[in-house]
Amino acid sequence: MKSIRIGTRNSALALWQAREVARHLQNNNYLTEIVPIVSSGDKNLNQPLYSLGITGVFTRDLDVALLNDEIDIAVHSLKDVPTLLPQNIEMIAYLERDFPQDILIRKESAKNKELHELKLATSSLRRRAFWLRHFPNTEFSDIRGNIQTRLQKLEDGDFDATILSLAGIKRMKMEIDYEMLPVMISAPSQGVIAVAGHSGKPEINEILKQINHKPTQTCVEIERNFLSTLEGGCTAPIGAFAEIIENQIRFTAALCSLDGKNCIAIDESFEYNPEEDFGKKFAKVVLENGGKELMAEIKSQI
C-alpha cells in the first residue's frame with residue numbers, strides 16, 4: 001500500500017499531533033506522509049472566533065482537502081471539530097486523551113494578585129462565562145493565535161493572565177509556570193487528537209480503526225452528543241467532561257449564560273450502556289431545566 005497522506009494545520013502544535021498519529025500508524029507498519037495545510041482560522045488572528053460566524057473554522061480547509069483527495073486522512077484537535085460533519089467525512093479514530101484541563105498562566109507582574117483581581121485575556125465564550133460565574137467583575141481582552149503567539153501577547157499586552165489548554169503546553173514541552181483551574185469544566189473533547197477519514201476510503205478507515213482508543217471514544221461521544229443536542233449549531237458557553245472511573249462513567253457538564261450569572265450544571269455517575277445516548281439524555285435534562293430559554297438568550301446576544 002502507498003504512503004498514507006496525513007493532512008494537518010501547519011502550526012507547531014498541529015504538526016506535533018499529526019506526527020503522533022503518524023507514529024501510531026508507523027508502529028503498525030504503515031508508511032505515512034504529512035501534508036500541512038493553512039486553515040482559514042489561522043489566517044485571521046484579529047477577530048474573536050465566535051464573531052467569524054463559522055463553525056469548523058479550523059477544520060474546513062482540511063475537509064476540502066479530504067474531499068478533493070489531496071490527503072487521505074485529517075488530524076484535528078477534536079474540540080475544534082463541529083458536531084455536524086460534512087457529507088462523506090467521518091471521525092474514525094481517537095488517540096488516548098492526555099490532558100483535558102484548562103490552566104491559568106500569569107505574567108510576572110501579576111504573580112501576587114488574587115484571582116478576582118486579574119484582568120484576563122481569552123476569546124473563549126466558555127472560559128469567560130465560567131470565570132465570571134466565580135469572579136463577576138473581571139475585565140477581559142480578546143486574544144487569538146497559537147500558544148507561542150498568545151504567550152507573547154500576554155507579555156506585551158495590557159492584561160494579567162490568560163487561560164490555555166494544558167494539553168498544548170505539555171505537547172510542546174514548554175517549561176512554564178501554570179495554575180490548575182478547578183472552577184473550569186473543559187470544552188467537550190478537549191485534550192483529544194482525532195482523525196477524520198473519507199467514507200469512500202474503507203481500506204484506509206479500517207487501518208485507522210487499529211489505532212483507535214475505545215475508552216476515549218466512549219467519553220468524547222458522550223461529550224459531543226451533549227454539545228450537539230444543546231447547541232443546534234450555535235456557539236455557547238458549554239463545558240462537558242466524561243471520565244471512566246472503575247466500572248462507571250462520571251459526567252460533569254454545565255451551560256452558562258454569557259455573564260456567568262445563570263448556570264445549569266450536571267454531575268452524574270452511571271454504568272455505561274452502548275445502546276443509550278447519555279449525552280443526549282443529559283442535554284435534555286439541562287434543556288428542560290431552563291436550558292432552552294438560556295440557549296435562546298445566548299443566541300440573541302451573540
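Predicted model: local features only at pLDDT ≥ 70, side-chain atom pairs only at ≥ 80, totals over all residues.
Let me begin with His 76, which counts as buried at 4% relative accessibility, where buried means under 20% relative accessible area, exposed means over 50%, and partly exposed lies in between, with a 1.4 Å probe and protein chains only. Residues are numbered from 1 along each chain as its sequence is written, and side-chain values use heavy atoms, with hydrogens and water left out.

His 76 is found in strand S3; helices (H or I, at least four residues) and strands (E, at least two) are DSSP runs, numbered from the N terminus. Leaving aside residues up to four places away in sequence, His 76 touches a set of residues that includes Gln 17, Asp 63, Val 192 and Ala 196, contact meaning heavy atoms within 4.5 Å.

Strand S3 belongs to an open sheet of five strands, ordered S2-S1-S3-S10-S4 and mixed in its pairing, where two strands pair if DSSP finds at least two bridges between them. Strand S2 (32-37) and S4 stand at the edges with a single partner strand each, so one side of each is left without a neighbour in the sheet. From one strand to the next, the twist averages 35°; for angles such as those that follow, axes are lines fitted to C-alpha atoms, for helices over the stretch in contact, and the angles run from 0 to 180 degrees between N-to-C directions.

Within this sheet, strand S1 (residues 4-9) and strand S3 (residues 73-77) pair in the parallel sense over two bridges, and Ile 6 stands opposite Ile 73 in S3. Two helices pack on the sheet. Helix H3 (residues 60-67) touches S1, S2, S3, S4 and S10, and its direction makes about 165° with that of S3. Helix H7 (residues 202-209) touches S1, S3, S4 and S10, with a direction at about 25° to that of S4.

What about strand S4 itself, and how many of its six residues are buried? Five of the six residues of S4 (residues 89-94) are buried, so this strand is largely enclosed by the rest of the structure. S4 pairs with strand S10 (residues 193-198) in the antiparallel sense over five bridges, and in that pairing Met 91 stands opposite Ala 196 in S10.

Two loop residues deserve a moment here. Most residues other than glycine have a negative phi. Asn 88, however, has a positive phi of about 80° although it is not a glycine; its place is in the loop between S3 and S4, and at 39% relative accessibility it counts as partly exposed. Ser 189 likewise is not a glycine and has a positive phi, of about 65°; Ser 189 lies in the loop between strand S9 (179-180) and S10, and is buried, with a relative accessible area of 1%.

Next comes helix H5 (residues 147-156), whose buried residues are Ile 147, Leu 151 and Leu 154. They cover an arc of only 55° around the axis, which puts them on the same side of H5, the arc being that of the directions from the helix axis to the C-beta atoms. In general, an α-helix has 3.6 residues a turn, so residues three or four places apart point the same way. The buried residues of H5 pack against helix H1 (12-27), strand S5 (102-106), strand S8 (161-165) and helix H6 (166-171). At the start of H5, a side-chain oxygen of Asn 146 reaches to within 3.2 Å of the backbone nitrogen of Gln 148.

Further along the chain, which residues does Asn 225 touch, not counting those up to four places away in sequence? Asn 225, found in helix H8 (residues 214-231), touches Asp 277, Gly 279 and Lys 280. The C-alpha atoms of Asn 225 and Asp 277, 52 residues apart along the chain, are separated by 7.7 Å. Asn 225 counts as partly exposed, at 31% relative accessibility.

Finally, the cysteines. A disulfide joins Cys 256 to Cys 263, with 1.8 Å from S to S, a disulfide being a pair of cysteine sulfur atoms within 2.5 Å; by this rule the count comes to one disulfide. The link of Cys 256 and Cys 263 is right-handed, with 105° about the S-S bond. Cys 256 is buried, with a relative accessible area of 0%, whereas Cys 263 counts as partly exposed at 21%.

Notes
Polar contact = N/O pair within 3.5 Å; in protein donor to acceptor, adjacent residues only side chain to side chain.
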